[in-house]
Amino acid sequence: MDYKKGARAYQPVSLTSIACKMLEHIYCSHLCHHIDANNVFGEANHGFRAKHSTETQLLVTSHDLLDQGKQLDILILDFSKVFDTVPHSVFFVD
């Protein structure tokens with residue numbers, strides 16, 4: 001867990017009971033198994049699948065475009081720190 005500069009370290013509080021977490025895990029594993037076994041998601045879908053990510057999607061897409069002989073221009077933006085600079089007091093008024 002990342003902490004903002006100057007913030008004190010804290011322990012997150014879990015409001016979900018252990019039984020709910022176990023049921024959620026069982027349900028999720030059965031649902032994922034059903035989706036994989038029945039090919040609900042196509043091969044082009046890389047979201048929410050094991051061993052698939054945005055990086056694998058980018059590799060497949062760029063490989064397909066390069067095989068077609070088309071020009072490939074890629075712009076990669078990193079917004080990971082942009083929300084740390086937003087003045088939240090403007091949006092949340094007490």
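**The loop at Asn39**

I started with asparagine 39, which lies in the loop between α1 and α2 (54-67). For the element names I went by DSSP runs numbered from the N terminus: helices are H or I with at least four residues, strands are E with at least two. I'm working on a predicted model, where local features need pLDDT of at least 70, side-chain atom pairs count only at pLDDT 80 or more, and totals for chains, interfaces and linings use all residues. Residues are numbered from 1 along each chain as its sequence is written, and side-chain values use heavy atoms, with hydrogens and water left out.

I looked up the backbone of asparagine 39 and found phi near 50°, a positive value in a residue other than glycine. This residue follows α1. Is asparagine 39 buried or exposed? It counts as exposed, because its relative accessibility is 59%. My cut-offs: buried is under 20% relative accessible area, exposed is over 50%, and partly exposed is in between (1.4 Å probe, protein chains only).

I also checked glycine 47, found in the loop between α1 and α2. Its relative accessible area is 31%, so I put glycine 47 down as partly exposed. Glycine 47 and glutamine 57 sit 10 residues apart in sequence, and their C-alpha atoms are 8.7 Å apart in space.

**Helix α1 and its cysteines**

I took the length of α1 next: 20 residues, reaching 28 Å from the first C-alpha to the last, close to the 28 Å expected at 1.5 Å a residue. The expected span is 1.5 Å times one less than the number of residues in the helix.

Cysteine 32 has its place in helix α1 (residues 18-37). I noted cysteine 32 as partly exposed because its relative accessibility is 36%. Cysteine 28 is also down as partly exposed, at 40% relative accessibility.

A disulfide is a covalent bond between the sulfur atoms of two cysteines. The cut-off I used is a pair of cysteine sulfur atoms within 2.5 Å, and the structure holds 0 disulfides.

One more distance from here: cysteine 32 and alanine 50 are 18 residues apart in sequence and 9.1 Å apart in space, C-alpha to C-alpha.

**Helix α2 and after**

I ran the length check on α2 as well: at 1.5 Å a residue its 14 residues should span 20 Å, and the end C-alpha atoms are 20 Å apart, which agrees. Serine 62 is found in this helix. With a relative accessible area of 14%, serine 62 is buried. I followed its side chain to the backbone oxygen of leucine 58, which it reaches at 2.9 Å.

Just after α2, I found glycine 69 with a positive phi of about 75°. Leucine 77 is in the segment after α2, and I count leucine 77 as exposed because its relative accessibility is 55%.

**Whole chain**

How many helices and strands does the chain have? I get 2 helices and 0 strands. Buried residues make up 4% of the 94 residues in the chain. The chain exposes about 9300 Å², with carbon and sulfur atoms supplying 62% of it; accessible areas come from the Shrake-Rupley method with a 1.4 Å probe, and for residues only the protein chains shown count as cover.

How values were computed: A polar contact is a pair of N or O atoms within 3.5 Å; within protein, one must be able to donate a hydrogen and the other to accept it, and residues adjacent in sequence count only if both atoms are side-chain atoms.
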